[in-house]
Amino acid sequence: MLRTGLTLFVVLAACGVSALAQEPSANEAQQVQANMNQLMRGVLYPAANVVFFAQADDPGTVKPIPGNDPAMATDPLTSTYGGWQAIENAAMALAESANLLLIPGRACSNGVPAPMKDPDWSKFVREVRSAGMNAYKAAQTRNQDKMIEISEELSTACAGCHLKWRNRRTPADRCK
Ligand code: HEC
């Protein structure tokens, strides 16, 4: 384990040096790797669940799992950056995910290009960004009542887009 960590460090340090030598070109700055489903499952869904946690449970009472190293936690709430800080971080991840929903070239899992030019797409993306920032501010106040309001706002943003482009009888019809 220790040896892997050291190797990683050396590799990262080497990357740092070459990054200094050459600024990324405009083309390298934005790249699409995931389809829309993968982006949702990998980024938006886990972050939203962390934000939603604060509706029913007080993040301030979450403790690291006994016997588990918080630095290796798979649940942000029990990690080194746990408790309310995990809610803040997940809220920021959601706000930033709005940018990922607008990078040109992303397709849905059925190969249909994501309808990013549709004004409703931009509207739902703006709603995710603003709900994310509102969740961040609410988490900073450590106020669960505010988190309940914000969670409503967030799930409305998710649901609006899903109603329009995801919830079809067959996956082949998504995003059309
Ligand atoms: C701008 C539109 C849009 C917004 C906003 C959006 N989604 Fe999605 N979501 C989609 C589309 C379109 C799909 C289907 C993508 C595909 O099939 O590739 C999807 C798929 C998903 C999936 C995967 C479903 C499956 O079949 O496995 C999850 C999970 C998900 N979204 C969660 C969320 C959450 C949570 C939010 C809010 C924080 C959210 N989404 C906001 C458009 C959106």
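Which of the 21 residues around the ligand come nearest? Met40, Ser109, Cys158, Cys161 and His162 do, where being around it takes a heavy atom within 4 Å. Bear in mind that this is a predicted model, with local features needing pLDDT of at least 70, side-chain atom pairs counting only at pLDDT 80 or more, and totals for chains, interfaces and linings using all residues. Numbering runs from 1 along each chain as its sequence is written, and side-chain values use heavy atoms, leaving out hydrogens and water.

**View 1. Iron gets its protein donors from Met40 and His162.** Met40 (SD) and His162 (NE2) lie 2.0 to 2.4 Å from the iron atom of the ligand; donors are N, O and S atoms within 2.8 Å of the metal (3.2 Å for Na, K and Ca). Met40 sits in helix H3 (residues 36-56) and His162 in helix H6 (residues 144-165), so the pair ties together parts 122 residues apart in sequence. Helices here are DSSP runs (H or I) of at least four residues.

**View 2. The iron site is octahedral.** Its 6 donor atoms make angles of 81 to 179°; octahedral means six donors, with opposite ones over 155 degrees apart and all others between 65 and 115.

**View 3. Polar atoms by the ligand.** A backbone N or O atom of Asn37 lies 3.0 Å from a ligand oxygen, and a polar side-chain atom of Arg41 lies 2.8 Å from a ligand oxygen. H3 gives the most to the shell, with 7 residues.

Notes
Four donors count as tetrahedral if all angles lie between 85 and 135 degrees; four count as square planar and six as octahedral if opposite donors are over 155 degrees apart and all others between 65 and 115; anything else is irregular. Helices (H or I, at least four residues) and strands (E, at least two) are DSSP runs, numbered from the N terminus. A polar contact is a pair of N or O atoms within 3.5 Å; within protein, one must be able to donate a hydrogen and the other to accept it, and residues adjacent in sequence count only if both atoms are side-chain atoms.
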